[in-house]
Amino acid sequence: MDIQKLESYAREVRKDIIIMTSKAGAGHPGGSLSCTDALVALYFDVMNVDPKDDKNPERDRFVLSKGHAAPALYGTLCERGYFGKEEFDKFRQLHGILQGHPDTKKCPGVDASTGSLGQGISIAVGMALGAKHTGNKCRVYTVIGDGESQEGLVWEASMAAAHYKLDNLTVILDHNGLQIDGSNDEVMSLGDIKAKAVAFGYDVIEVQDGNDMKQVLDALHTPPCPGKPRYILLNTLKGKGVSFMEGQVGWHGKAPNAEQAEQALKDLEG
Amino acid sequence: MEKKAVRVAYGEALVKLGQTNNKVVVLDADLASATMTNAFKKEFPGRFYDCGIAEANMVDMAAGMSTMGLIPFCSTFAVFAGRNYDQIRNGVCYPKFNVKFGFSHAGITLGEDGGSHQAIEDIALMRVLPGMTVFVPSDANECYQCVEAAAKIEGPVFIRTARLATPVYDPRPFTVGKGTVIRDGSDCVIFTCGIMLEHTMEAAEILESKGIKTALVSFHTIKPFDEELACTYAAKCKKVFTVEEHSVIGGLGDTVASAIIGKGVEKFKKIGINDEFGQSGKPADLLKEYGLTGPQIAENILSNL
């Protein structure tokens with residue numbers, strides 16, 4: 001798909017994020033906006049998926065390990081045709097399929113229930129190992145957070161991914177630098193995260209601007225390195241696309257009010 | 001009488017299951033020679049995955065593997081039911097993934113490794129999880145039946161096994177969720193699970209010799225629990241005792257209590273680990289220390305009739 005088309009989908013997903021969170025009065029817009037471009041690239045250009053055949057065993061798998069970025073996933077799945085926009089009204093509401101965090105039992109297109117940080121990447125490693133075991137040629141993608149990378153389980157899973165030579169796995173780090181209580185460096189420094197990923201046995205690609213569609217696509221389309229899991233380090237901007245949210249730690253888990261939502265949608269319309 | 005540890009039966013049952021069901025894979029966390037999954041590893045090296053000393057990752061990896069149509073059996077120590085709790089809860093039970101847990105070395109009869117390693121809370125932790133089936137086999141033969149049944153259940157299953165070699169009884173009819181009447185009686189009833197079967201049988205005989213007609217019912221399935229059978233015997237005997245190698249909080253005793261409340265029971269007492277941790281020692285000495293030998297159980301019941 002051409003880049004402009006993908007960028008336009010990313011713009012729509014960002015608007016969905018604002019609409020969903022402001023209607024619900026809750027949710028996590030900041031970290032959703034930072035990983036939107038990666039999700040759109042995956043679902044519209046990279047992954048072999050079909051919303052009309054969402055249980056096909058051969059489909060590629062995606063796990064949103066940073067499950068609180070659910071609005072970005074829901075927006076992407078909706079734009080891709082998994083369900084209609086009327087579901088946005090029930091985001092985080094009783095009996096809705098769009099739970100506060102992704103629920104594989106309720107939402108079409110969601111392959112794992114996530115939100116407990118560290119678990120998604122570990123489940124994705126299991127999927128990739130299971131795919132190898134059963135001879136399934138699918139690829140498994142997971143998006144993890146930088147704050148999430150403080151969880152020990154992320155590194156247990158990484159060790160296993162290298163040990164079992166899971167070259168059918170792509171781990172994508174949404175490195176926006178901010179978490180609930182402040183910057184990564186204030187809360188718990190990640191140190192040299194790229195060197196750590198290399199040391200854990202990943203084939204690492206760093207993307208200078210993880211919100212630039214072309215750069216994201218180039219990384220995602222790089223052929224796998226035989227015998228090694230792939231790690232794509234996306235340097236992103238929290239709140240990307242909304243002027244008053246960009247780089248602001250306060251927009252991690254806070255929804256815009258009606259007035260702010262209007263401003264945000266204007267920003268996104270450009 | 002032949003003796004065999006329930007964990008040994010677990011290892012053998014996995015091999016048997018592996019021969020007939022190629023979806024079964026086994027995960028362990030560097031404890032294959034203790035959980036007895038090494039038998040499966042030897043028989044099916046390509047279907048055995050060591051996860052290293054990283055139990056949390058083992059559970060979520062199993063969750064992921066189950067989504068590819070496999071039936072993963074995770075094996076480690078029962079005390080790690082706590083260490084892995086978030087993974088078992090959110091990674092497996094919340095999405096209702098088809099993962100089995102064969103957790104061994106449960107209870108104080110783990111012995112010398114001490115209180116840090118003796119799971120006395122795992123039944124409580126597991127039975128509160130929605131959708132989880134909880135098995136506590138009482139001997140090797142029942143363990144074979146539990147493992148076979150676990151593979152047929154679509155969803156998470158927990159199997160609690162013991163380290164200690166214990167008597168192997170003749171195989172009994174097995175239905176998931178149904179208790180087993182070991183002996184009938186009308187003066188009092190003992191409800192038990194797991195390897196306490198041996199000691200409650202001895203206790204029941206002692207009581208019988210003193211003229212107290214004692215019923216004994218063993219539950220290999222704690223969840224879903226056979227409330228009907230528990231209520232039948234509670235109503236019939238009026239005096240109810242539960243015996244388990246687990247904390248008296250949250251385990252079999254509380255499961256029974258919830259089932260029989262309001263059924264006109266005159267006396268109810270939970271016998272087990274009284275809200276304390278275990279300690280190092282020989283299994284037989286530990287059972288005595290915590291009042292779980294046959295004669296001690298009989299004496300406890302006698303003084304509470």
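Figure 1. Phe48(B) in E3(B) is the bridge partner of Val26(B). This is a predicted model, in which local features need pLDDT of at least 70, side-chain atom pairs count only at pLDDT 80 or more, and totals for chains, interfaces and linings use all residues. Residues are numbered from 1 along each chain as its sequence is written, while chains are lettered from A and ligands numbered from 1 in the order in which they are written. Strands (E, at least two residues) and helices (H or I, at least four) are DSSP runs, numbered from the N terminus. Strand E2 (residues 24-28) of chain B pairs with strand E3 (residues 48-50) of chain B in the parallel sense over 3 bridges; two strands pair if DSSP finds at least two bridges between them. E2(B) also pairs with strand E4 (residues 71-77) of chain B, again in the parallel sense, over 5 bridges. There, Val26(B) stands opposite Phe73(B).

**Figure 2. The two faces of strand E2 of chain B.** In a regular strand, side chains alternate between the two faces of the sheet. Val24(B), Val26(B) and Asp28(B) point one way from E2(B). Val25(B) and Leu27(B) point the other way. 5 of the 5 residues are buried, so E2(B) is largely enclosed by the rest of the structure. A residue is buried if 20 or more other C-beta atoms lie within 10 Å of its own, exposed if 12 or fewer, and partly exposed in between, with C-beta atoms placed from the backbone.

**Figure 3. Helix H1 of chain B.** At 1.5 Å a residue, the 15 residues of helix H1 (residues 6-20) of chain B should span 21 Å. The expected span is 1.5 Å times one less than the number of residues. The end C-alpha atoms of H1(B) are 21 Å apart, which agrees. Buried residues of H1(B) include Val6(B), Tyr10(B), Leu14(B) and Leu17(B).

Figure 4. 5 strands of chain B form an open sheet with mixed pairing, in the order E9-E11-E10-E13-E14. Strand E9 (180-183) and strand E14 (267-273) of chain B stand at the edges, each with a single partner strand, so one side of each is left without a neighbour in the sheet. The twist averages 25 degrees from one strand to the next. E9(B) and strand E11 (residues 214-218) of chain B run antiparallel, joined by 3 bridges. Thr180(B) stands opposite Ser218(B) in E11(B). Helix H9 (residues 196-209) of chain B lies across E9, strand E10 (188-192), E11 and strand E13 (239-247) of chain B. H9(B) runs at about 170 degrees to E11(B). Axes are lines fitted to C-alpha atoms, for helices over the stretch in contact, and angles run from 0 to 180 degrees between N-to-C directions.

**Figure 5. Helix H11 of chain B and its surroundings.** Helix H11 (residues 252-260) of chain B has buried residues, among them Leu252(B), Val256(B) and Ile260(B). The buried residues of H11(B) pack against H7, E10, strand E12 (221-223), helix H10 (227-237), E13 and E14 of chain B. Just after H11(B), Gly262(B) takes a positive phi of about 80 degrees.

**Figure 6. A cis peptide bond in chain B.** Lys223(B) and Pro224(B) are joined by a cis peptide bond, with omega about 0 degrees. Pro224(B) sits in the loop between E12 and H10 of chain B.

Figure 7. 29 residues of domain 1 of chain B are in contact with 29 residues of domain 2 of chain B. Residues are in contact if their C-beta atoms, placed from the backbone, lie within 7 Å.

**Figure 8. The side of chain B that touches chain A.** 24 residues of chain B are in contact with 24 residues of chain A. Helix H4 (55-66) and helix H6 (85-93) of chain B each supply at least two residues of that side of chain B. The largest share, 8 residues, comes from H4(B).

Technical notes: Contact = placed C-beta atoms within 7 Å.
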